[in-house]
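Trainee: I am new to this structure. Can we go through it in questions and answers?

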Protein chains: 4
Amino acid sequence: MVALIARVLAAHQLNIIAMREFVDEAAARFFARIECSGVLADDEQLRQELLAQLPGDTTVTVNPPQPKRIAVLATREYHCLGDILVSHFFRTLDAEVACVISNHDDLRAFTEGFSRPFHHVPHEDRSREQFEAALLEKLSDYSPDYIILAKFMRILSPEFIARYPQRILNIHHSFLPAFAGARPYRQAFERGVKLIGATAHFVTHELDEGPIITQQTIAVNHTFTAARMVEAGREVEKNVLNKAMRLVFRDQVFISGNKTIVFE
Amino acid sequence: MVALIARVLAAHQLNIIAMREFVDEAAARFFARIECSGVLADDEQLRQELLAQLPGDTTVTVNPPQPKRIAVLATREYHCLGDILVSHFFRTLDAEVACVISNHDDLRAFTEGFSRPFHHVPHEDRSREQFEAALLEKLSDYSPDYIILAKFMRILSPEFIARYPQRILNIHHSFLPAFAGARPYRQAFERGVKLIGATAHFVTHELDEGPIITQQTIAVNHTFTAARMVEAGREVEKNVLNKAMRLVFRDQVFISGNKTIVFE
Amino acid sequence: MVALIARVLAAHQLNIIAMREFVDEAAARFFARIECSGVLADDEQLRQELLAQLPGDTTVTVNPPQPKRIAVLATREYHCLGDILVSHFFRTLDAEVACVISNHDDLRAFTEGFSRPFHHVPHEDRSREQFEAALLEKLSDYSPDYIILAKFMRILSPEFIARYPQRILNIHHSFLPAFAGARPYRQAFERGVKLIGATAHFVTHELDEGPIITQQTIAVNHTFTAARMVEAGREVEKNVLNKAMRLVFRDQVFISGNKTIVFE
Amino acid sequence: MVALIARVLAAHQLNIIAMREFVDEAAARFFARIECSGVLADDEQLRQELLAQLPGDTTVTVNPPQPKRIAVLATREYHCLGDILVSHFFRTLDAEVACVISNHDDLRAFTEGFSRPFHHVPHEDRSREQFEAALLEKLSDYSPDYIILAKFMRILSPEFIARYPQRILNIHHSFLPAFAGARPYRQAFERGVKLIGATAHFVTHELDEGPIITQQTIAVNHTFTAARMVEAGREVEKNVLNKAMRLVFRDQVFISGNKTIVFE
């Protein structure tokens, strides 16, 4: 199979500079990521030629190295959004921040200070359907490749998620599956854990159950109040979301059922 | 209060060499650990004098620096037991291993190679009551200060646990509360987590719910089978149990409700 | 001694809410940090009363809980400065950013976007004496409590440092003492290490030799180029500087010779 | 190239089950590790056939999945040796412990308790040449694939090392290149670092300068004496050596100049 692919790439004057593969035995699927150098005239033609050579149920994606377009959804917490906007400002994000949308207006001045469009889409006095319809309308104006939930505190419906399958990233402020659901630091405090963490994952229709991209924990101790856990957790959340975005935006993450394959 | 305590200690010719205190606001309790140098004639008298000076609901423990006696309960896995027996052999455990008890006979030769008594207390063809009665009888022969569950794979009844309150330590092979219950590495594999871990905790009547002493995680990735997680997890389990034992045996751990206060 | 202090504090209607102490045996010095609640009329009077009660060579500092004033020195790298300015904007820094000074003009727009004064003090075509004189003049306009070297790439003279003793914090992009000096990631790449890190320390007259406040490492592997180490290192640098600043600004860090005592 | 290799393997009825490759650009070398299933009649013939197909300066190693034979050199510290012997006893080491050699007799009873040959080769009253000649003679009796320096406290000469090129593993008790040389924990204590660590590396003729296989650090603080660092460091040393051995014994580590490529 590798030989077949290599031949097609060579015909397009592309040189393989890195290759990673993985056999997911439980899922009975083979995954390969091939990084090439060269000038590609026609993505779609290459994709078709590869599909023609490969077995029937193969999926082929051809990703030229152009920055993804992202829409960032936030609520009131600033730290993940801040990290994204600063990286974007200095061109180290590997993505273009198309817009920031929030169900509160608090982050407007901050976002606009970075010359990024900010939209306040309130959830109050609206049904979830109406709220999500308003969100989807805004999003459609920007055609994002990915939606980043940067501490967005509203639960999205399966219908909403189905509009952006495998394209919504969330940062959850616990080391899932511990403390899924609301107020994880409060739960962590009540349970008396000695480490707290964060999890970046793709969003699927089941809350906090999507494929995990990356996770990290840090130590806490008995002197940590829930508030100090929140404070310490901010750093982990930023790091974990930052790492997950970088992996996804560089096309290093594949999804296999409810798991990710991450070619680091 | 500190001044009151200091006066009593001074009367016993004891010098305070380290002091730690903590106010558990949620539990409305004050905790203090005082380390002294000097020669103490009578532990119980000191305790009574301190109690006489302190408010009515105070608990005072006087721990001379002598090694704790422990009984180790295991099943078939060797790594935590091995770590304990090797440390014990070289006198770095801060405890005296009184005996090893297992519901299987597999670890007999290994244990006896370290000149430690090994008792096989089978659980087969017995009710839990009968099994636990046999365990308790063996344990009572050794009067252990602590019981260490070093990968002991039987669930103990509340009645059993009540016989050794706050004196049974367990190592659970996940970062609790994630993956409580059986086969945590299998659960971790199924969920596709990116880190695995271990938790040392005191055993209470609710399974995997007792006060956590210490926890640690390590990174895994998509190439880890459940079996490789088990292998990688062994190292973490050993480290976590080792650290927890050291803290407990040196009287650095206090229990406040369902949490621990660890004066490291 | 504790009793003496407690009496003085009580006379000022101050309640001790937390106390930490440490005996540095090598330096033969005793350190204590006492946190009080209450309203303090006169800091200096309290300090004098405490000094009057305590042995002759005691140092007493009374720090009311007001934010420190800081001046941030940077060169061209944005990530540490960005983290500081974002935290400052959202009032979670525990400090007031009085100004940003750089030997390049690159970070002006970014800094001014946060409504903070930015001063370009070039080092080119100047002797070090002239450069540092210009820096000191700017700094004196702002009377900072602390100077934060947020990836400031000029070496400061002992004379400069002596003007702000124990008040200059630096982030060094390696786990000191490994890779002191220039281009640590390049050195790390050449040596083939499997972890990289960052160190926050006070600046003394010996380069990269001052008291260490906090350090952190992350894993790397053979696929990391020096450039990717730089990228991964940014996250660690931000975290480490952030943590060090928080500790220092909350008066949790004491200096004992060339070491720090950190009451976390 | 991959296609060429695949063809040769297929002719031997071997199926590729995993493949990893890496281009070391600085060294201008390509590395590949191919894991196959199947029954191999003749290792050397396969090697020759592969060499015949590949460019002139290629190195090919064919490693059937049989345990390596190792000789363990220790001095007086027990913890790394203990970890090795326990794993060996329970058949989870991926290696056969051929013998244990020490320049002291302290570890004899412990080693012999595991039914492993123990040899005391004293260094006292001997020149280094004589000492090393005695060591080499003992080693040659056992033909080890690898020599594991499990806290062996004598410096080996370049001549000695040249006898086992790329086949001597050492655990150094610091995060190299920090604290190379003698008494690293003492050095760490004096410097006031906030983390300590350990490094597993191949031994080359320059002390503590060989290719690093893996490293790990843990946090310490101002309360750690040098002795407590030693104690805490033991856990890290065991973990790091254990991980390095596992990687090496499973043929996952390649050496490129002074670096390792680790296909985890």
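Trainee: How many residue pairs are in polar contact between chain B and chain A?

Mentor: This is a predicted model, where local features need pLDDT of at least 70, side-chain atom pairs count only at pLDDT 80 or more, and totals for chains, interfaces and linings use all residues. Residues are numbered from 1 along each chain as its sequence is written, chains are lettered from A, and side-chain values use heavy atoms, without hydrogens and water. A polar contact is a pair of N or O atoms within 3.5 Å; within protein, one must be able to donate a hydrogen and the other to accept it, and residues adjacent in sequence count only if both atoms are side-chain atoms. With both residues at pLDDT 80 or more, the count between chain B and chain A is 15 residue pairs.

Trainee: Which strand gives the most to the side of chain B that touches chain A?

Mentor: Helix H7 (184-191), strand S9 (212-219) and strand S11 (259-262) of chain B each supply at least two residues to that side. Helices (H or I, at least four residues) and strands (E, at least two) are DSSP runs, numbered from the N terminus. With six residues, the one that gives the most is S9(B).

Trainee: Which side chain of chain A meets Glu209(B) in a salt bridge?

Mentor: A salt bridge needs a side-chain nitrogen of Lys or Arg within 4 Å of a carboxyl oxygen of Asp or Glu. The rule finds two across the interface of chain B and chain A. At 3.9 Å, N to O, the partner of Glu209(B) is Arg191(A).
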